[in-house]
Amino acid sequence: MSHTGAHRKELERNEHWFAVAWLLITFWLLACAFLIGGEYSDGYNTIANARYFFGDNPDYYFQRGPLAALVLWPVEAILRALDLSRFDVRPFHIYSGLLHSAYLVGCWLLLKHSGQSFISRIIAFAAAILSVIFFAYAPYLSHDIIPGLLFLLLIFLCDRWIRNPTVGTSLQLVLLGTAV
């Protein structure tokens with residue numbers, strides 16, 4: 001087997017291990033979505049803010065930013081369309097689990113482009129994401145998923161800009177930094 005073939009096989013094996021870990025975590029998130037029937041107060045505030053944007057709630061809870069509430073619009077639309085109970089938080093937890101799953105993939109894809117070894121990437125992934133905090137709060141609505149991924153993207157854009165400053169990368173940094 002050539003060196004290129006051996007390298008490709010190692011990359012495939014590394015991707016296989018990430019896929020196994022991602023699948024197990026995703027199953028766990030979705031299982032939690034069906035098992036957990038409550039939410040922290042900030043989660044309920046976010047649901048109320050999503051309903052505020054739909055015109056169904058007269059109050060907006062200012063201590064919660066609008067991004068998480070806007071992200072919940074698909075859930076609110078499904079609840080309305082299917083006439084499901086507005087008190088059941090499981091549809092929000094399913095959606096949050098799917099967002100967390102996509103977040104894990106996004107983080108892994110960004111780490112893949114770091115140019116570091118598989119061991120470095122998997123340690124960074126495990127230390128940053130697979131912590132006690134992740135497993136304690138991931139089953140609930142999270143206000144940190146999208147800003148966290150955007151912040152990680154900012155780090156990679158900064159690295160790109162440091163190596164090769166361009167107007168395009170500068171604009172991406174300004175726009176993304178403003179969004180976060």
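Reply: What follows starts at the pocket, moves along one of its helices, and ends with the cysteines.

The model is predicted. Its chain has an average pLDDT of 83. A score of at least 70 is reached by 96% of the residues.

Start with the pocket. The largest one holds about 470 Å³ of space. By class, 16 lining residues are nonpolar, four are polar and three are charged.

Now the helices around it. Four of them each supply at least two lining residues: H5 (90-112), H6 (118-128), H7 (132-137) and H8 (145-163). H5 gives the most, with four residues.

H6, one of the lining helices, has the lowest confidence in the chain, with a mean of 74. The highest is in helix H9 (residues 167-179), at 90. Where pLDDT is low, predicted coordinates should not be read in detail.

Back to H5, and to its aromatic contact. The chain has six aromatic pairs. In one of them, the ring centres of Phe-18 and Trp-108 are 4.6 Å apart and the planes meet at 5 degrees, so this pair counts as stacked; the cut-off for that is under 30 degrees. Phe-18 sits in helix H1 (residues 3-35) and Trp-108 in helix H5, so the contact ties together parts 90 residues apart in sequence. Are these two residues buried or exposed? Both Phe-18 and Trp-108 are buried.

Aromatic residues also gather elsewhere. Tyr-52, Phe-53, Phe-54, Tyr-60 and Trp-73 make up one aromatic cluster.

Last, the cysteines. How many disulfides are there? The count is zero. Cys-32 is in none, and the nearest cysteine sulfur, on Cys-107, is 19 Å away. Cys-32 has 11% relative accessibility, so it counts as buried, the limit being under 20%. Cys-107 is in no disulfide either; the nearest cysteine sulfur to it belongs to Cys-158, 16 Å away. A disulfide needs the two sulfur atoms within 2.5 Å. With a relative accessibility of 2%, Cys-107 is also classed as buried.

To recap the pocket: H5 is the leading contributor to its lining, and nonpolar residues account for 16 of the lining positions. Read the H6 part with its mean of 74 in mind.

Definitions and conventions. Residues are numbered from 1 along each chain as its sequence is written. This is a predicted model: local features need pLDDT of at least 70, side-chain atom pairs count only at pLDDT 80 or more; totals for chains, interfaces and linings use all residues. Side-chain values use heavy atoms; hydrogens and water are left out. On a 1 Å grid over the protein atoms alone, a cavity is a set of points where a 1.4 Å probe fits but cannot get out, and a pocket is an open set with protein on both sides within 12 Å along at least five of seven lines; lining residues have an atom within 4 Å of a point. Grid points are joined across faces, edges and corners, and a volume is the space filled by probe spheres set on the points. Ala, Val, Leu, Ile, Met, Phe, Trp, Tyr, Cys and Pro count as nonpolar, Asp, Glu, Lys and Arg as charged, and the others, Gly among them, as polar. pLDDT is the predictor's confidence in each residue, from 0 to 100. Rings of Phe, Tyr and Trp (its six-membered ring) pair if their centres lie within 6.5 Å; planes under 30 degrees apart count as stacked, over 60 as edge-to-face and the rest as tilted. Buried means under 20% relative accessible area, exposed over 50%, partly exposed in between (1.4 Å probe, protein chains only).
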